[in-house]
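I opened my notebook beside the model and jotted down what I looked up, in the order I went.

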Amino acid sequence: MGVIMPYGVAIREAIASNDLTKMEAIAEQAKKTIKDQGDLGTALLELLDAIEALKNKK
């Protein structure tokens, strides 16, 4: 499994830095990640359902 970038942390650090260039770069990275990942929230809910289903089979 690859490394997942902590975008929430990175975004908050960029905001705290008050560095416009850094903020814009992080925003672009985050937008690309969101686009590439699709609906991560729904995928996570599906994963949790699958985990629960397997636990209930035991």
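**Entry 1: the contact of α1 with α2.** I listed which residues meet across this pair, working in a predicted model. From α1, I noted Tyr7, Ala10, Ile11, Glu13, Ala14, Ile15 and Ser17. Their partners in α2 are Lys22, Met23, Ile26, Gln29, Ala30 and Thr33. I then sorted this contact by class and got eight nonpolar, three polar and two charged residues.

**Entry 2: geometry of the pair.** How do the two helices lie relative to each other, parallel or antiparallel? I looked up their extents first: α1 covers residues 7–17 and α2 covers residues 20–37. They pack at an angle of about 160°, and their axes are 9 Å apart. An angle over 145 degrees counts as roughly antiparallel, so α1 and α2 fall into that class. I also checked the hand of the crossing, and for α1 and α2 it is left-handed.

**Entry 3: Lys22.** Lys22 sits in helix α2. Which residues does Lys22 contact, once its neighbours within four places in sequence are set aside? I found Glu13, Ala14 and Ser17. Is Lys22 exposed or only partly exposed? Its relative accessibility is 36%, so I wrote it down as partly exposed.

**Entry 4: Arg12.** Next I turned to a residue of helix α1, namely Arg12. Its relative accessible area is 61%, so I filed Arg12 as exposed.

**Entry 5: Asn18 in the loop.** Between α1 and α2 there is a loop, and Asn18 lies in it. I looked at its backbone and found phi near 60°, a positive value in a residue that is not glycine. I made a note of this because most residues other than glycine have a negative phi. Asn18 is exposed, at 66% relative accessibility.

**Entry 6: the whole chain.** Last, I stepped back. I counted three helices and zero strands, in the pattern α-α-α along the sequence. What share of the 58 residues is buried? The figure is 9%. The accessible surface comes to about 5300 Å², and carbon and sulfur atoms account for 63% of it.

Conventions. Residues are numbered from 1 along each chain as its sequence is written. This is a predicted model: local features need pLDDT of at least 70, side-chain atom pairs count only at pLDDT 80 or more; totals for chains, interfaces and linings use all residues. Side-chain values use heavy atoms; hydrogens and water are left out. Axes are lines fitted to C-alpha atoms, for helices over the stretch in contact, and angles run from 0 to 180 degrees between N-to-C directions. Helices (H or I, at least four residues) and strands (E, at least two) are DSSP runs, numbered from the N terminus. Angles under 35 degrees count as roughly parallel, over 145 as roughly antiparallel, 65 to 115 as roughly perpendicular and the rest as oblique. A crossing is left-handed if the near helix is turned anticlockwise from the far one by less than a right angle, and right-handed if clockwise. Contact means heavy atoms within 4.5 Å. Ala, Val, Leu, Ile, Met, Phe, Trp, Tyr, Cys and Pro count as nonpolar, Asp, Glu, Lys and Arg as charged, and the others, Gly among them, as polar. Buried means under 20% relative accessible area, exposed over 50%, partly exposed in between (1.4 Å probe, protein chains only). Accessible areas come from the Shrake-Rupley method with a 1.4 Å probe; for residues, only the protein chains shown count as cover.
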